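Reader: I would like to learn how to read a model of this kind, feature by feature. Could you give the general idea each time and then turn to the case at hand?

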Amino acid sequence: MRFVWIETEKIERNDSIAYMGQVMLEMDDKSEKYIAAVRNNDADDTWAYTVHNRSLIDKNPKVDLETYETYQDFEAARNSTYGIYFLMCRLFVLAETDGLDEYNNQIVDDICDLYQNASDGKLVALLKRVPNGKVAVMRAAIKLDDAIYVQNYVSEFKNDEKGPGRFLEFNPSEKICKILQDNGGISEVTDWDIKEVRDKIREFNKERDWDKFHTPENLAKSIVIEAGELLECFQWNDKFDRQKVSEELSDVMMYCIMMADRANIDIKEEMLRKMAINAAKYPAKKARGNSLKYTEL
């Protein structure tokens, strides 16, 4: 059994544009079918699926899709003989026309359906041939808590720019999280609004009348104390409880934000300014690959 990508064809219609993707499905020597997925370029992103006999396609490659059996409602066809192959064809069309976006939750849900319905694991493996395909497949495995799949394929991401840590943001189970961490997973820092966090901290402290305790001196002490608790997570070795580290790191950062707020410091601007100073102190050509202080370079 195998899928062979044939083409992606842009079809001009009276009121819209459609993309036709054809995948040749070879089930066995006796039965060969073409399955085509047609996506109308409409706001609701509607699809139609057709099944063709290979011999007819060979005789007439430019076959009119409407002359063959069509399944407009994929949900109704999901449990049909061809349902799983329609889904596979749909993913191939998306990959060829738009690319498989690793953050597209609908695609991940579709791949989850492949996991749950396909009897042949090779169907899922085929997705890894397309851009971001293997990332989307890994995300689906994490969503379904398939630790065996993650363990078997996490090594494929070790040399990736983002590494296995890219998957930590998708909230894997504790077991899968450990697999990612053990294989060098480093979480990618995501964009966040420091003002939103600052305002929530202000509200939290105001409700409890705690502002009177938050002098710059006390906050500086608290930063050091919480940093010590963060360090304690690594007291005996470099293995750590990610949840515990996350909580202690959050405490440190919240106290830092409170310190900046109380001292009227624009922490974003100050960090950028300090980075410019550091760049002058540690020129890349001199500092690359060593830990010497700038006075010793």
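Reader: How many helices and strands are in the chain, and what percentage of its residues count as buried?

Author: This is a predicted model, and everything said here is computed from it. The chain has 13 helices and five strands, and 36% of its 297 residues count as buried. Of the contacts in the chain with a separation of 6 or more, 47% are between residues 24 or more positions apart.

Reader: How should I read the packing of two helices, and at what angle do α10 and α11 cross?

Author: Two packed helices are described by the angle between their axes and the distance between those axes. Helix α10, residues 216–232, and helix α11, residues 242–262, have axes that come within 9 Å and cross at roughly 165 degrees. Angles over 145 degrees count as roughly antiparallel, and α10 and α11 are therefore roughly antiparallel to each other. The crossing in which α10 passes α11 is left-handed.

Reader: Which residues of α10 and α11 make the contact, and how do they divide by class?

Author: From α10 the contact draws on P216, L219, A220, S222, I223, E226, A227, E229 and L230, while α11 supplies V245, E248, L249, D251, V252, Y255, C256, M258, M259 and R262. Sorted by class, this contact of α10 with α11 has 13 nonpolar residues, five charged residues and one polar residue.

Reader: How is α9 oriented towards α11, roughly parallel or roughly perpendicular?

Author: The description again rests on an angle and a distance between axes. For α9 and α11, the axes come within 10 Å and cross at roughly 85 degrees, which makes α9 roughly perpendicular to α11. The contact is formed by I194, V197, R198, I201, R202 and N205 of α9 together with M254, I257, M258 and D261 of α11. By class, the contact of α9 with α11 has six nonpolar, three charged and one polar residue.

Reader: Where is H214 placed, and is H214 buried or exposed?

Author: H214 lies in the loop between α9, residues 194–208, and α10. Its relative accessible area is 12%, and because buried means under 20%, H214 is buried. Leaving aside neighbours within four places in sequence, H214 is in contact with N205, L219, M258 and R262. Among these partners, N205 also belongs to the contact of α9 with α11, whereas L219 and R262 belong to the contact of α10 with α11.

Reader: How many residues of α6 are buried, and which ones are they?

Author: Helix α6, residues 133–143, is mostly covered, with nine of its 11 residues buried. The buried residues of α6 are G133, V135, A136, V137, M138, R139, A140, A141 and I142. One of them, I142, has a C-alpha atom 5.8 Å from that of P172, although 30 residues separate the two in sequence. P172 lies in the loop between α7 and α8, residues 174–182, and is buried, with a relative accessible area of 14%. Not counting residues up to four places away in sequence, P172 touches I142, F167, C177 and L180.

Reader: What should I look for in backbone angles, and which phi does D145 have?

Author: Most residues other than glycine have a negative phi. D145, although not a glycine, has a positive phi of about 60 degrees. N264 is not a glycine either and has a positive phi of about 60 degrees. N264 is found in the loop between α11 and α12, residues 267–281, and is exposed, with a relative accessible area of 72%.

Reader: In which strand is T50 found, and how many disulfides are counted?

Author: T50 is part of strand β4, residues 47–53, and is buried, with a relative accessible area of 2%. The C-alpha atoms of T50 and I35 are separated by 5.8 Å, and the two residues are 15 residues apart along the chain. As for cysteines, a disulfide requires a pair of sulfur atoms within 2.5 Å, and by this rule the count comes to zero. C112 is buried, with a relative accessible area of 6%, and C233 is buried, with a value of 18%.

Conventions. Residues are numbered from 1 along each chain as its sequence is written. This is a predicted model: local features need pLDDT of at least 70, side-chain atom pairs count only at pLDDT 80 or more; totals for chains, interfaces and linings use all residues. Side-chain values use heavy atoms; hydrogens and water are left out. Axes are lines fitted to C-alpha atoms, for helices over the stretch in contact, and angles run from 0 to 180 degrees between N-to-C directions. Helices (H or I, at least four residues) and strands (E, at least two) are DSSP runs, numbered from the N terminus. Angles under 35 degrees count as roughly parallel, over 145 as roughly antiparallel, 65 to 115 as roughly perpendicular and the rest as oblique. A crossing is left-handed if the near helix is turned anticlockwise from the far one by less than a right angle, and right-handed if clockwise. Contact means heavy atoms within 4.5 Å. Ala, Val, Leu, Ile, Met, Phe, Trp, Tyr, Cys and Pro count as nonpolar, Asp, Glu, Lys and Arg as charged, and the others, Gly among them, as polar. Buried means under 20% relative accessible area, exposed over 50%, partly exposed in between (1.4 Å probe, protein chains only).
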